[in-house]
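Visitor: I would like to learn how to read a few features of a structure. Please show me the model and take me through them one at a time.

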Amino acid sequence: MQDKKVTWLELFYDLLFAAAVSTATHVLLHVEKGEIYPEYFLKFVLIFIPIWWSWVGQTLFINRFGQDFLHQRIFTILQMLFVLIMTSSLSVDFDQYYLPFLIGYIGIRALTAIQYLVVRSLEEGDRKKVAQYLGTRFWIGIIISCFSILFDSWIRYSVLYAGIFVDIIVPFFGRKYLVKASSNTVHLLERFASLTLILFGESVISTLYVLQPQKGDWDSILFSIISFILIISMWWQYFENVEKKVDKSIQTPGQTIIYGHLFILMSLSMIAASIKLLFLNEVRYSFNLYFIFGSVLLYFITTTIVFHQYRFKQDRLKYYHLALFLGILATLFISNLIVEVSNIVIMGEMTLFFIIYAKLTTT
């Protein structure tokens, strides 16, 4: 398992999910009366979670049991068809496209569960128990979500996400099996880093495209430059840690990496949306502050937690590092509340924070 490499089909698989995440991010750009209403944040989360979990489910199967065999390629390609169905149905008006969304999501999850049942006959010992457990228990959440089609209004969504929640916690209850057949840390980090990299491109760097500074519009040009430096600083901090500061020999079920990346990926989408909103200047100043500082805080906390467990002991951050980073964010936030500054200055402050974060966590 230590020599397990990401396949080209896996990378192709990621591209479809990057498109789905971009669609989810677009929900955060619905501005009304100078702010984004809470319902849009809720819709963003409710759209994002099944996208993330669908990708995670197949990724974890490949991590433990994947081989570049013909039948497994066929399973993955079939899943890609359901990903397309699910992605095409993502919309703020969820009710209108609920059925194709459900078909897409259930198709993805059912194919993953079937793969576990297929592979269990080829495995022995603890690996067979893991395949048996996951291949049977995942059907509980799938069946619950299927029953959502029988209801209308909020009850439909309650049943759908009850099934998704059950699906997500299945690995926690099966931890006694999973620790005996641990995930491949090298492959797992590479897979999540791969998706994160694509999201940097699709969800963050794409913000530079919408800026399109005109000739002589120096504010837009400066905003573009600062945005690019911000993105590079985030990229540097994340991938330098993955490449050089993480002990890939650690073998665990990988749940810190898996569930922590839900919030890393969500915060990337939120940061991407906040950059666009800062440039477009369509939301109130106070809302801008809370949104971008909250997004950066979420990214900082989750990347710190995810990497801490896997860092080499001599490279682990100390409590004074945590106090320093939180102190910088708190100082900038409070000062901006007291004295109103331009959006370019806010972007510069975020860029400065990530430069410091990258410098102190990668040297």
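Visitor: How many cavities of 30 Å³ or more does the structure hold?

Guide: Rolling a probe the size of a water molecule over the atoms shows where empty space is left. In this predicted model, 4 cavities of 30 Å³ or more are found. The largest cavity holds about 90 Å³ of space.

Visitor: Which residues line the largest cavity?

Guide: The lining consists of Leu60, Arg64, Tyr116, Leu134, Phe138, Pro171, Leu178, Pro253, Gln255, Ile258 and Tyr259. Two or more of the lining residues come from each of helix H2 (38-65), helix H5 (125-146) and helix H10 (255-280).

Visitor: Which element gives the most to that lining?

Guide: H10 does, with 3 residues.

Visitor: Which residues of H12 are buried?

Guide: A residue counts as buried when its relative accessible area is under 20%. In H12 the buried residues are His321, Phe325, Ile328, Leu329, Leu332, Phe333 and Asn336. Viewed down the helix axis, the buried residues of H12 fall within an arc of 115°, so they line one face of the helix.

Visitor: What covers the buried residues, and what does the face turned away from them carry?

Guide: The cover includes H11 and helix H13 (343-362). On the face of H12 turned away from the buried side are the exposed residues Tyr319, Tyr320, Ala323, Thr331 and Ile338.

Visitor: H11 came up there. Which residues is Thr304 in contact with, beyond its neighbours in sequence?

Guide: Thr304 belongs to helix H11, residues 285-310. Setting aside neighbours within four places in sequence, Thr304 is in contact with Leu317 and Tyr357.

Visitor: One last residue. Is Leu160 buried or exposed?

Guide: Leu160 has 0% relative accessibility, and therefore counts as buried. Leu160 is part of helix H6, residues 153-173.

Visitor: What does Leu160 touch?

Guide: Not counting residues up to four places away in sequence, Leu160 touches Tyr98, Phe101, Leu102, Ser145 and Ser148. Leu102 is 58 residues from Leu160 along the chain, yet their C-alpha atoms are separated by 8.5 Å.

Methods. Residues numbered from 1 in each chain as written. Predicted model: local features only at pLDDT ≥ 70, side-chain atom pairs only at ≥ 80, totals over all residues. Heavy atoms only, no water. Helix = DSSP H or I, 4+ residues; strand = E, 2+ residues; numbered from the N terminus. Contact = heavy atoms within 4.5 Å. Buried < 20%, exposed > 50% of the residue type's maximum accessible area, 1.4 Å probe, protein only. Arc of directions from axis to C-beta. 1 Å grid on protein atoms, 1.4 Å probe; cavity = no way out; pocket = protein on both sides within 12 Å on 5 of 7 lines; lining within 4 Å. Points joined across faces, edges and corners; volume = space filled by probe spheres on them.
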